[in-house]
Amino acid sequence: MKKAFITGITGQDGSYLAEFLLDKGYKVYGLTRRTSTQNFERIKQIVHHPNLQLVSGDLIDQHSLTYAIKQIRPDEVYNLAAQSFVQASWEQPVLTGEFTALGVTRMLEAIRLGYPKAKFYQASSSEMFGKVREVPQKETTPFYPRSPYGVAKVYGHWITVNYRESFNLFAVSGILFNHESPRRGLEFVTRKIANAIARIKLGKQKYVELGNLDAKRDWGYAKDYVQAMWLMLQQDEPDDYVVATGETHSVREFLQLACQAAGISDWQSVYKHNPKFDRPAEVDLLVGDPTKAKKKLGWKPSVDFEGLVKLMVEAELEMERES
Ligand code: NAP
Ligand code: GDD
């Protein structure tokens with residue numbers, strides 16, 4: 001039985017990846033950190049699965065990581081844990097650097113010292129392209145991060161490449177563009193809009209307050225993206241890949257389509273601008289070129305932009321009707 005170790009298992013991607021690997025017959029170990037209340041909402045369906053084991057630790061605590069790797073001796077390690085909210089990275093830049101940047105080195109050290117045969121996946125991000133140097137962005141596009149989060153991810157990316165080249169580890173970096181789902185945190189713009197529009201439709205809320213509607217993102221479906229992570233670790237050679245849909249849409253388009261999906265005819269009547277949600281430095285346009293992932297991994301997205309908005313709004317309508 002293959003063994004996988006996932007950091008960030010309680011997050012959006014970690015929960016989908018754990019389900020995907022359990023279905024494939026893996027024994028899955030998930031790192032969870034101590035919190036005053038348990039945060040198992042996204043893994044509630046699998047938490048009692050006989051092939052899932054939760055392991056206590058934190059990206060800031062080297063010993064907990066090294067101990068876990070030594071004990072488990074995993075075939076595959078997916079480092080998905082991070083302070084992942086861009087806006088919060090201006091409020092907590094040092095903590096973001098500790099988790100999202102240095103946390104990667106701690107994981108790599110744990111593998112180097114504890115079980116160097118493990119294959120390692122690093123959750124890199126399109127945020128590294130920031131103020132984009134070319135359109136669309138591909139594996140060779142230079143980075144120009146625009147937030148402490150983006151800067152931390154650039155560090156995580158290069159330390160992964162460096163450990164691959166220095167210590168011959170099977171370490172890969174997946175440069176994933178935005179991917180969403182009904183399990184997205186409520187603070188991210190897609191889930192925030194989908195949830196607010198459902199609540200407005202049901203008469204529970206009047207407006208949705210947003211920042212910059214002009215920002216454009218390449219949005220895909222999270223379930224598709226965790227498959228790409230796994231495919232990267234099944235290759236003969238470690239390499240880095242862009243994972244994206246190749247299409248870009250504005251926040252405004254997301255809002256308009258969400259209103260349409262809920263049967264709200266005038267999107268402007270339910271929207272207010274709130275400068276609180278504007279960012280000190282914005283990433284205006286992201287659009288990825290997934291040619292390499294399609295060709296080498298045989299990966300392709302199964303849900304388009306319209307389908308994604310629809311599935312997220314429908315999920316929120318169902319949840320809000322029940323609550
Ligand atoms: P998420 O929902 O915010 O999940 C983050 C996970 O990291 C949670 O399980 C969280 O645990 C855990 N975590 C945070 N700090 C930790 C620490 N110090 N020690 C241990 N665990 C810690 O993020 P996501 O959307 O699933 O994204 C997964 C990864 O992909 C992240 O690294 C993110 O930066 C990256 N990424 C995401 C996207 C995207 O569009 N979703 C795109 C590119 C890259 P708690 O539940 O305890 O908070
Ligand atoms: N969150 C949020 N809230 N964003 C808003 C709002 C709002 O009220 N109004 C407008 N936006 C704009 C932001 O300014 C940004 O341009 C865009 O919506 C997307 O914001 P987020 O959904 O917070 O995601 P992100 O693109 O900053 O970051 C996500 O994607 C990255 C990959 O490119 C996160 O998942 C990162 O962890 C990930 O690396």
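## Basis of the model

This is a predicted model, in which local features need pLDDT of at least 70 and side-chain atom pairs count only at pLDDT 80 or more, while totals for chains, interfaces and linings use all residues. Residues are numbered from 1 along each chain as its sequence is written, chains are lettered from A and ligands numbered from 1 in the order in which they are written, and side-chain values use heavy atoms, with hydrogens and water left out.

## Surroundings of ligand 1

Around ligand 1 there are 24 residues, of which Thr10, Arg33, Asn39, Ser84 and Tyr149 come nearest; a residue is near a molecule if one of its heavy atoms lies within 4 Å of it. Oxygen atoms of ligand 1 lie 2.5 Å from a polar side-chain atom of Thr10, 2.7 Å from one of Arg33 and 2.9 Å from one of Lys153.

Helices (H or I, at least four residues) and strands (E, at least two) are DSSP runs, numbered from the N terminus. By class, the shell around ligand 1 has nine nonpolar, 10 polar and five charged residues, where Ala, Val, Leu, Ile, Met, Phe, Trp, Tyr, Cys and Pro count as nonpolar, Asp, Glu, Lys and Arg as charged, and the others, Gly among them, as polar.

## Surroundings of ligand 2

Ligand 2 also has 24 residues around it, and Ser84, Ser125, Ser126, Tyr149 and Arg279 come nearest. A polar side-chain atom of Tyr149 lies 2.5 Å from an oxygen atom of ligand 2, as does one of Arg279, and an N or O atom in the side chain of Lys192 is 2.7 Å from an oxygen atom of this ligand. The protein covers 96% of the 710 Å² of accessible area that ligand 2 has on its own.

Helix H6 (189-201) and strand S8 (208-210) are the elements that give two or more residues to the shell around ligand 2, and the shell has 10 nonpolar, six polar and eight charged residues. Ligand 2 lies between domain 1 (3-179 + 222-243) and domain 2 (185-217 + 248-286 + 303-322), because both give residues to its shell; these bounds come from an automatic or database domain assignment.

## The second largest pocket

The second largest pocket has a volume of about 370 Å³, and of the 14 residues that line it, Glu41, Arg42, Pro182, Arg183 and Met319 are the closest to its centre. A pocket is an open set of points on a 1 Å grid over the protein atoms alone where a 1.4 Å probe fits, with protein on both sides within 12 Å along at least five of seven lines, and lining residues have an atom within 4 Å of a point; the volume is the space filled by probe spheres set on the points, which are joined across faces, edges and corners. Domain 1 and domain 2 both give residues to the lining, so this pocket lies between them.

## Backbone geometry in loops

The peptide bond from Val135 to Pro136 is cis, with omega near -5°, and Pro136 lies in the loop between S5 and H5. Arg73, in the loop between helix H2 (62-72) and strand S4 (76-79), has a positive phi, near 50°.

Methods: A polar contact is a pair of N or O atoms within 3.5 Å; within protein, one must be able to donate a hydrogen and the other to accept it, and residues adjacent in sequence count only if both atoms are side-chain atoms. Accessible areas come from the Shrake-Rupley method with a 1.4 Å probe; for residues, only the protein chains shown count as cover.
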